[in-house]
Amino acid sequence: MRSLVTAAALCAAAVTAGCTSSGSGPAPGPSPTPPASAALSSSSGPPTARTTAPASDVSDWPTYHRTFDRAGIAPDLPRVTRAPTVLATIKLDGQVYSSPVIVDGIVVAATENDTVYALSPEGRQIWKRNLGAPSPAGERPCGNIDPLGITGTPVIFGGTIYVAPEFRGTRHELYALDLDTGAVRWHRTLDLPGVEAGAMQERGALTIAGGRVWVPFGGLAGDCGGYKGRVVGYPTDGRGAPVSYTVPTEREAGIWAPPGPSVDGSGNLLVAVGNGASVENDPYDHSDSVLRIGTDGALVDSFSPATWPTDNVNDHDLGSQGPAIVGPWIFIAGKSGTGYVLRSDHLGGIGGEVSQATICESYGGTAVVRAVVYVPCADGVRAVRIDKSGQLHVLWHVRSSSVSGSPIVGGGRVWSLDPDAGVLHALDPRTGLSREQVQVGATSRFAAPAAYGSDVVVPTMTGITVVGVG
């Protein structure tokens, strides 16, 4: 298997990127079209040829959890037979909350300083593009990220990186950058009417569906101000007006889960929605829900638990975990501790779940292998199987309650972070036992690793850490 980097090559990039060295079959679901490859150039000089050819035999990781259904499978990771090793720690100019995305071995990482980096397979900084000044905490009514820049995971499609920074003045924009050079191809405002822009936050991953790039919005930590859950879609070429869907609530109902929208087999968006303004005896406002949204911005289908009014009162909504597509089923869990199975062809409306069971309080993105869902739980990852009748069965619960990060699967392991200790764990998929561990540095609560070839790439509070598996 081709490794993304070697420690020696990465440390050769220390001048530009601040490096220190410490020397199963294809994923299911719709796969993104890989961007076209071309010669790479630096941001400060003429184009230069790649020193190695693109790894056409290695699967790209161009979006959160690799595929648009967010399955989180790394098909090329070699089977783990020894302890993983940190190949390099690369310092960037800010915290990295988003997942890295990788095409042809080129790692793209975005920081809260509103800077996008591209690193070559050899670790050379190809380009660095600062898009502007991020939003300082003092100008926002609440929140827990300072400064607030790029939080949602970018997506790479057709040779273009799409990224959604927040700028000083609490402005939100969508930028399209050339993958090879970092040049700005176009940018558009995301601050459409009908909400309080300063209370909106773009935390969820971007995605591609129906010829558009989609950007989800929720609110800031603390649920302050007049935000509303929303998705905004622009044509991938930047030409034409945006379409959008806004949850029909007075306020809140954020679409904020880090995976962003999942794309179903028909090309529609599936989103999880947080608690809204409506409570008992109020009109239903499509909060505390899973919504299916068409690429024209129209609501197609929905599900909410029968308990949605009290869930709203108690902040026990479904908005904290992205919907998982599991064959004919959708799995969703949120803050209440209850997991629900829905039919993928009809979400069921209010109280229309196929089954429900006590699972866990779940935050982040799941990984899915056939009928098994690996769930990021606040008290430790769980493996949950959905049987042929749609019933839920908990297979295991990881022993360490702090191993709670959004998992990916590859190399015969389930990879999940302990954000408190800054440790990446390789869990046995049959038992949940931690077979191998490696220190990667402090990470955010919602950090999700990416994988390419024989490497796992972890976003950290200072940059990225590259872990060699093979």
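## A pocket, a sheet and some salt bridges

The lining of the largest pocket divides into 8 nonpolar, 7 polar and 5 charged residues. Keep in mind that you're looking at a predicted model. This pocket has a volume of about 390 Å³. Among the 20 residues lining the pocket, Asn144, Arg203, Ala221, Trp256 and Phe446 are the closest to its centre.

Now for a sheet. Here 4 strands line up in the order E23-E24-E25-E27, forming an open sheet with antiparallel pairing. Strands E23 (324-326) and E27 (355-358) sit at the edges with a single partner strand each, so one side of each has no neighbour in the sheet. From one strand to the next, the twist averages 25 degrees. E27's pairing with strand E25 (residues 338-343) is antiparallel and runs over 4 bridges. Look for Tyr340, which stands opposite Gln356 in E27.

Next, the salt bridges: the whole structure has 11 of them.

| Residues | N to O distance |
|---|---|
| Glu173 and Arg171 | 2.6 Å |
| Arg430 and Asp428 | 3.2 Å |
| Asp428 and Arg435 | 3.1 Å |

Is Asp428 buried or exposed? Asp428 counts as buried because its relative accessibility is 3%. In the Glu173 pair, Glu173 is buried at 11% relative accessibility, and Arg171 is partly exposed at 38%. Elsewhere, a network of salt bridges links Asp264, Arg292 and Asp301.

Key: Residues numbered from 1 in each chain as written. Predicted model: local features only at pLDDT ≥ 70, side-chain atom pairs only at ≥ 80, totals over all residues. Heavy atoms only, no water. 1 Å grid on protein atoms, 1.4 Å probe; cavity = no way out; pocket = protein on both sides within 12 Å on 5 of 7 lines; lining within 4 Å. Points joined across faces, edges and corners; volume = space filled by probe spheres on them. Nonpolar A, V, L, I, M, F, W, Y, C, P; charged D, E, K, R; others polar. Pairing = 2+ DSSP bridges. Helix = DSSP H or I, 4+ residues; strand = E, 2+ residues; numbered from the N terminus. Axes fitted to C-alpha atoms, helices over the stretch in contact; angles between N-to-C directions. Salt bridge = Lys/Arg side-chain N within 4 Å of Asp/Glu carboxyl O. Buried < 20%, exposed > 50% of the residue type's maximum accessible area, 1.4 Å probe, protein only.
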